[in-house]
Every structure is written in structure tokens, then in C-alpha cells.
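This report describes selected local features of one chain. The sequence and model come first, followed by the description.

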Amino acid sequence: MPAMENLAGNFFLVGLMGAGKTTVGRALARRSGKTFYDSDHEIERRTGVKVATIFDIEGETRFRDRESAVIADLVRLNDIVLATGGGAVLRPQNREALRAHGTVIYLRANIEDLLARTQHDKNRPLLQTANPRAKLESLFAERDPLYREIADIVVDTTQQNVNLLVSRLEQQLQKRQRRTESLS
């Protein structure tokens with residue numbers, strides 16, 4: 001069985017806020033020897049302000065413009081793990097870019113876990129509402145089909161230890177790579 005460092009290509013993590021994209025992404029990058037990026041953090045680095053501030057000042061549409069530009073840049077890099085923002089899949093050009101440049105991994109969690117993981121985070125502009133649960137349910141209903149549309153691998157992150165989750169993901173990635181190699 002090949003070592004994790006031998007896994008080829010880019011890995012792009014998609015899923016709702018709180019699904020574990022940044023946490024799993026960092027661990028996956030460490031284990032695979034790839035460079036980790038988070039599209040939201042990259043937007044903040046480039047603009048010098050928090051995502052929540054961009055939402056407040058420029059609105060969601062302008063934020064999505066910035067997000068698309070960052071994703072277009074990052075997917076062209078080699079040997080990266082990219083944690084995307086939860087809404088990155090809303091734009092067809094982002095879905096196409098992710099599919100074309102790497103393996104897309106959908107981290108899926110149930111609403112209870114997502115709510116528990118995000119309830120105290122003030123940097124989640126879409127959840128600054130009277131009913132965060134209803135908002136998460138609405139986002140899930142809208143985005144789950146889009147995540148599934150582009151996912152090469154779907155991983156349930158509900159109540160899972162990060163190291164165990166990354167080990168299972170590693171096995172799936174190795175299996176996928178062996179299938180790809182046998183077809184070439």
C-alpha cells in the first residue's frame with residue numbers, strides 16, 4: 001500500500017460550515033506532505049479584513065466574486081489541500097474548477113453537529129440570524145445536491161475523531177488512486 005506522501009494531485013474539501021473542512025484539511029495536508037490552503041483565510045490575507053466584514057460592507061455577491069477569484073488561483077497550484085468556503089459550490093465556475101483540478105472530498109455532517117460546532121462562532125455571517133438551525137437546514141437543502149454533484153468521495157464527519165477520519169479518508173484516496181493507475 002503506498003504511503004500517504006505518494007498520493008498524487010490536489011485534494012479539495014467542500015461541505016457546510018462546521019463540517020470540519022479546515023481541521024481535516026490541515027491534518028490531511030500534514031499527513032500527505034501537501035500545502036494547506038483555506039479559501040476564506042486566503043481572502044482575508046489578500047484583503048486584510050475578516051470575511052464577516054466583507055459580507056457586512058460589500059455583501060454576499062461581492063464576497064462570492066472574491067471567493068471565485070481565489071479558488072481560480074489556488075486550484076492551479078500543485079500538491080495542495082484546499083478547504084473551500086461552504087458556499088463555494090454555488091457558482092458553476094467554482095464547481096468546474098474544483099472538478100477539473102483535483103479530487104473533491106465532500107465532508108458531510110448532520111445538522112446537530114453543524115449547529116454545535118458553529119453556535120459560538122461570530123465569524124459565520126450567514127448564521128448571525130434569530131434561527132441558526134433553520135438557516136443551516138436551508139443551506140443544507142440548497143447545497144447538499146451541489147456538493148454531491150462534484151464529490152469524488154463523500155465522508156461523514158458526524159461525531160468522528162479527526163485522526164480516525166483522516167485515516168479512513170487516506171484509505172479511500174489510496175483505493176481511488178490505485179483504480180486510476182490501473183486504468184492508465
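Which residues on the faces of β1 are buried? Phe11 and Leu13 on one side, and Phe12 and Val14 on the other, are all buried, which leaves both faces of the strand covered. Buried means under 20% relative accessible area, exposed over 50%, and partly exposed in between (1.4 Å probe, protein chains only). Helices (H or I, at least four residues) and strands (E, at least two) are DSSP runs, numbered from the N terminus.

The model is predicted: local features need pLDDT of at least 70 and side-chain atom pairs pLDDT 80 or more, while totals for chains, interfaces and linings use all residues. Residues are numbered from 1 along each chain as its sequence is written, and side-chain values use heavy atoms, with hydrogens and water left out.

Two strands pair if DSSP finds at least two bridges between them. The pairings of β1 are parallel with β3 and with β4.

| Pair | Bridges | One bridge |
|---|---|---|
| β1 and β3 | three bridges | Leu13 and Ala83 |
| β1 and β4 | four bridges | Phe12 and Val104 |

Helix α1 (residues 21–32) has twelve residues and should span 16 Å at 1.5 Å a residue, which agrees with its end C-alpha atoms being 16 Å apart. The expected span is 1.5 Å times one less than the number of residues.

Elsewhere, Glu60 lies in helix α3 (residues 51–74) and is partly exposed because its relative accessibility is 32%. Glu60 and Gly87 are 27 residues apart in sequence, with their C-alpha atoms 10.0 Å apart in space.
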